[in-house]
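My notes follow in the order in which I checked things.

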Amino acid sequence: MSSSIPERQWLPPHLRTLGTTIFAEMSALATATGSINLGQGFPDTDGPDVVREAAVSALRSGHGNQYPPGIGIPELRNAIAAHQLRWYGQSVDADTEVLVTAGATEAIAATILALVDEGDEVIALEPYYDSYGACIAMARGVRVPVTLRAPSFRIDVEALRAAVTPRTRLLLINSPHNPTGMALTDAEREAIRSVAVENDLIVVSDEVYEHLVFDDRAHVPLATLPGMAERTITIGSAGKTFSFTGWKIGWAIAEPGLLNAVRTTKQFLTYVSGGPFQYAVAQALELPDDYYRSFTAELQRKRNLLSSGLASIGFDVSVPEGTYFVTTDIRPLGFDDGLDFCRRLPELAGVVAIPHQVFYDDLEAGRPLVRWAFCKQDDVLLEAIDRLSALPRR
Ligand code: PMP
Ligand code: GLN
């Protein structure tokens, strides 16, 4: 655009700080500089062939090529309910308690837009996944952070209790947690449960990394704890579990009244999406336990590969308990600002990563932290480690 034309400010004030997502910024930087992209969290190999072929065959046979039902096709809702029962012993009604969405992203947006009124407070663990802050802003809510601090990123239960006020509407929890890799312990789950029950709060539990928990930890959905089923909206995504992040099939699970509120907003966001992929994900969810176990084991191996590589270079590494991501403190290498470091990393080493600080309100807590994705092929991870080994020290 010509520089003589002043740029107009189209966004209303409450949306002006949103900008471009860090994932888009960093992936564009990786493409423009030919860098290895350990930024945006997507696998660089597709999920199982049988699942991909199921999508092809749905397309060919005309399954889902026209609008699917607003709440999702019955095959997928049944498969989601069966998945919850198989892995967590959680009984959910596929017809009234499951809603298929355009990825977990839409489930988060529809939930926040449905439940948050202007001025309502939403308590969330920071660093936040970036769409949380954006959706809270769109609903004109107020975000109230509970800060997870390096290196262990444990929940400060007293801070969580202290964050509750009469205006608190939602408790937004994410475990396994992006970007820190923290996975809740039994004691933390119990603390969240008691805060929620004692204060009669609704809990939004983003569990998209449910099958990416390592070292034989168990993932326990918050909704399965006593007193939680009636107040929890559980959010899941096929993107992570089956390595098809572009398909954007997600879901929300909640008791019928709460789910109905979410469905009300969801129907005016996308109405429906991903018809043929819904059939494929229904089949994917039914894959045998072996698929899930070897998927977790493989990602755990990659976690170890990248974590030890980064440690050998000299970073302080917080070895993640789950997710696709490992976090490092960059200060041992003489850097102190993660955003500046990540913007310069392509030129310094030909690698792209994600700075934590964009996910924090408490900028100081996030400043020296950088997130690296390990859901990549081994030779890509090894090449990245090799390049980073040559990083100039300051
Ligand atoms: N929640 C978290 C914590 C995530 O990391 C992501 C994406 N990586 C999402 C939600 C969005 O998932 P989807 O791609 O299914 O929309
Ligand atoms: N959730 C992915 C990540 O954390 C990115 C998804 C996106 O680009 N919105 O890297």
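**Entry 1, ground rules.** I am working with a predicted model, in which local features need pLDDT of at least 70, side-chain atom pairs count only at pLDDT 80 or more, and totals for chains, interfaces and linings use all residues. Residues are numbered from 1 along each chain as its sequence is written, chains are lettered from A and ligands numbered from 1 in the order in which they are written, and side-chain values use heavy atoms, with hydrogens and water left out.

I looked up the surroundings of ligand 1 and found 13 residues, the closest being Thr 105, Asp 206, Ser 237, Lys 240 and Lys 248. Here a residue is near a molecule if one of its heavy atoms lies within 4 Å of it. By class I noted five nonpolar, five polar and three charged residues in this shell. For the classes, Ala, Val, Leu, Ile, Met, Phe, Trp, Tyr, Cys and Pro are nonpolar, Asp, Glu, Lys and Arg charged, and the others, Gly among them, polar. Helix 4 (residues 103-115) gives the most to the shell of ligand 1, with four residues. Helices (H or I, at least four residues) and strands (E, at least two) are DSSP runs, numbered from the N terminus.

I then listed polar contacts, meaning pairs of N or O atoms within 3.5 Å. A nitrogen atom of ligand 1 is 2.6 Å from an N or O atom in the side chain of Asp 206. Oxygen atoms of ligand 1 give 2.7 Å to a polar side-chain atom of Tyr 209 and 2.8 Å to an N or O atom in the side chain of Asn 178. The protein covers 93% of the 400 Å² of accessible area that ligand 1 has on its own (Shrake-Rupley method, 1.4 Å probe).

**Entry 3, ligand 2.** Around ligand 2 I found Phe 23, Gln 40, Gly 41, Tyr 129, Asn 178, Lys 240, Phe 325 and Arg 371. This shell divides into three nonpolar, three polar and two charged residues. Which distances separate the oxygen atoms of ligand 2 from polar atoms of Arg 371, Gly 41 and Asn 178? I read 2.6 Å to a side-chain atom of Arg 371, 2.7 Å to a backbone atom of Gly 41 and 2.8 Å to a side-chain atom of Asn 178. For ligand 2 the protein covers 78% of the 300 Å² of accessible area that the ligand has on its own.

I counted 19 aromatic pairs. Rings of Phe, Tyr and Trp (its six-membered ring) pair if their centres lie within 6.5 Å; planes under 30 degrees apart are stacked, over 60 edge-to-face and the rest tilted. I picked out Phe 214 and Phe 374, a tilted pair at 6.2 Å centre to centre with 55° between the planes. Phe 214 lies in the loop between strand 6 (202-206) and strand 7 (232-237), and Phe 374 in the loop between strand 13 (369-373) and helix 14 (378-389), so this pair ties together parts 160 residues apart in sequence.

Asp 215 is in the loop between strand 6 and strand 7, and I noted its positive phi of about 60°, although it is not a glycine. Asn 178 and Pro 179 are joined by a cis peptide bond with omega near 10°. I placed Pro 179 in the loop between strand 5 (168-174) and helix 7 (186-198). Ala 150 and Pro 151 are also joined by a cis peptide bond, with omega about 0°. Pro 151 lies in the loop between strand 4 (142-147) and helix 6 (157-163).

Definitions and conventions: A polar contact is a pair of N or O atoms within 3.5 Å; within protein, one must be able to donate a hydrogen and the other to accept it, and residues adjacent in sequence count only if both atoms are side-chain atoms.
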